[in-house]
Amino acid sequence: MRKAVILVAFLFVGAFLLLAATSMRPFGEPSFADMDDYFIANTQVEVAANNAVTAVVFDYRGFDTLGEATVLFAAVVGVLALFRKLREDEV
Amino acid sequence: MNIGNLPFVAAALLVVFGIYTFLFKRNLIKLVIGVSLVETGVNLFLVTLGYRTAGIAPIYTFAPEAERMVLPTPQALTLTSIVIGLATTALLLSFAVFIHRHYGTLDVRKVKELRG
Amino acid sequence: MNTGMSIIVRTITRLVYGLTLVFGFYVIMHGHLTPGGGFQGGAVVASAFALLLVAFGAAGIKGRLNHHLLQTLEEIGALAFLALGFVGIGTAFFYNLLAGSGSLLFGQLVADAQLLPLSNPGVFNAGGTLPLMNWAVGLKVMTGIAAVVIVMLIGARKEETE
């Protein structure tokens, strides 16, 4: 009984995802590209770098990279804390 | 349906396979593989959102003459998403090692009861 | 994973390990000119380290590297990235103060304002705080992933011998 409910729900979600994928906008024409046109035109003037993706990651959207560095640091500290050597009185 | 929409359908198929794997499998490692499949599908979808027809990479070093460039912002977001996926998978696998050490089994149905 | 792999794998690892390290550092350092950057180059160097672990086993690595030193280096990388955000705090957080300022530290301008956009061979001494951030993030990713791989290998192996 429980497996039938899960199967029906999964088929519903899968059909919805595939229907949404087939009725998207045509592949190859982005809808709103004003911000990216500004980035492409002004990377060599403001950032003085040749790589537009690195300029977006570290200069125009540097705050998102700060959040990502924090998540990576938290994950590494979590794994190293799970596998530490326990003393006699620790749980 | 447009036949040119095939990259979007491929990303949706990856997400559907990932959801099937972590709904219907019993081993803990297979659940982690299912989560990783969902993250891969989402990253592929992000990258295919920023494509322009007959576009080149957004790099100016030795670039070909007078072509239009692909959007650089979805590629930057995918970079962040891949690193976060790595962090999540590392923590999930550490928890799987600990569960196996405590319960002796990796079956999801048998790790429900509390054990001292 | 007490023992490593066969002698063929170990010989090829000794040949390939140095080349992979050099390629990884090249990808990190030229992040503002070619595709790449801090995260990608850090992953390449970490994969070289994982190759070393797989080929020689946990017994061959035991006395050489401890994960406390790697964790300290990762913290230094994270703090350096945060400190580089405060360089241009007079205008905004994460402001690129050194780009095009003419100073000795990555201050050169890339192209003239009338000839943009221009396809050029690439100037290494340009970019402002971008190459410095690439090095900080590359060090962080490199040592972080290496520490995680070492700790998970030794922690999982000790469980089998209990």
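Chain C and chain A touch through 35 residues of chain C and 23 residues of chain A. The model is predicted. Chain A also meets chain B, in a contact that takes 37 residues from chain B and 34 residues from chain A. The points below cover these two contacts, then the chains and their helix pairs.

**Chain C against chain A**
- The contact takes 35 residues from chain C and 23 residues from chain A; on the chain C side, the elements that give two or more residues are helix 3 (67–85) and helix 4 (130–160).
- Helix 4 of chain C gives the most to this side, with ten residues.
- Sorted by class, the side of chain C that touches chain A holds 20 nonpolar, 13 polar and two charged residues.

**Chain B against chain A**
- Here 37 residues of chain B meet 34 residues of chain A, and the elements of chain B that give two or more residues to its side are helix 1 and helix 3 (73–103).
- Helix 3 of chain B gives the most to the side that touches chain A, with twelve residues.
- The side of chain B that touches chain A divides by class into 25 nonpolar, eleven polar and one charged residues.

**Chain A**
- Chain A has four helices and zero strands, in the order α-α-α-α from the N terminus on.
- Along its principal axes, the C-alpha trace of chain A spans about 60 × 50 × 15 Å.
- Of the 91 residues in chain A, 32% are buried.

**Chain B**
- Chain B contains three helices and two strands, and along the sequence these follow the pattern α-α-β-β-α.
- Chain B is more spread out than a compact globule, because its radius of gyration of 20 Å is well over the 13 Å that the globule rule gives for 116 residues.
- Taken along the principal axes, the C-alpha atoms of chain B fill a box of roughly 70 × 35 × 15 Å.
- Buried residues account for 23% of the 116 residues of chain B.
- Among contacts in chain B between residues at least 6 apart in sequence, 52% join residues at least 24 apart.

**Helix 1 and helix 2 of chain B**
- The axes of helix 1 (residues 6–24) and helix 2 (residues 28–48) of chain B come within 8 Å and cross at roughly 165°.
- Helix 1 of chain B is therefore roughly antiparallel to helix 2 of chain B.
- The crossing of helix 1 of chain B past helix 2 of chain B is left-handed.
- The contact between helix 1 and helix 2 of chain B has 17 nonpolar, six polar and one charged residues.

**Helix 1 and helix 2 of chain C**
- In chain C, the axes of helix 1 (residues 7–29) and helix 2 (residues 38–61) come within 8 Å and cross at roughly 170°.
- Angles over 145 degrees count as roughly antiparallel, so helix 1 and helix 2 of chain C are roughly antiparallel to each other.
- Helix 1 of chain C passes helix 2 of chain C in a left-handed crossing.
- Residues of helix 1 of chain C in this contact include C:Val9, C:Arg10, C:Tyr17, C:Phe25 and C:Ile28; among those of helix 2 of chain C are C:Gly38, C:Gln40, C:Val44, C:Leu51 and C:Phe56.
- The residues of the contact of helix 1 with helix 2 of chain C divide into 14 nonpolar, seven polar and one charged.

Technical notes: Residues are numbered from 1 along each chain as its sequence is written. Chains are lettered from A and ligands numbered from 1 in the order in which they are written. This is a predicted model: local features need pLDDT of at least 70, side-chain atom pairs count only at pLDDT 80 or more; totals for chains, interfaces and linings use all residues. Two residues are in contact if their C-beta atoms, placed from the backbone, lie within 7 Å. Ala, Val, Leu, Ile, Met, Phe, Trp, Tyr, Cys and Pro count as nonpolar, Asp, Glu, Lys and Arg as charged, and the others, Gly among them, as polar. A residue is buried if 20 or more other C-beta atoms lie within 10 Å of its own, exposed if 12 or fewer, and partly exposed in between; C-beta atoms are placed from the backbone. Axes are lines fitted to C-alpha atoms, for helices over the stretch in contact, and angles run from 0 to 180 degrees between N-to-C directions. Angles under 35 degrees count as roughly parallel, over 145 as roughly antiparallel, 65 to 115 as roughly perpendicular and the rest as oblique. A crossing is left-handed if the near helix is turned anticlockwise from the far one by less than a right angle, and right-handed if clockwise. The radius of gyration is taken over C-alpha atoms; the globule rule is 2.2 Å times the number of residues to the power 0.38.
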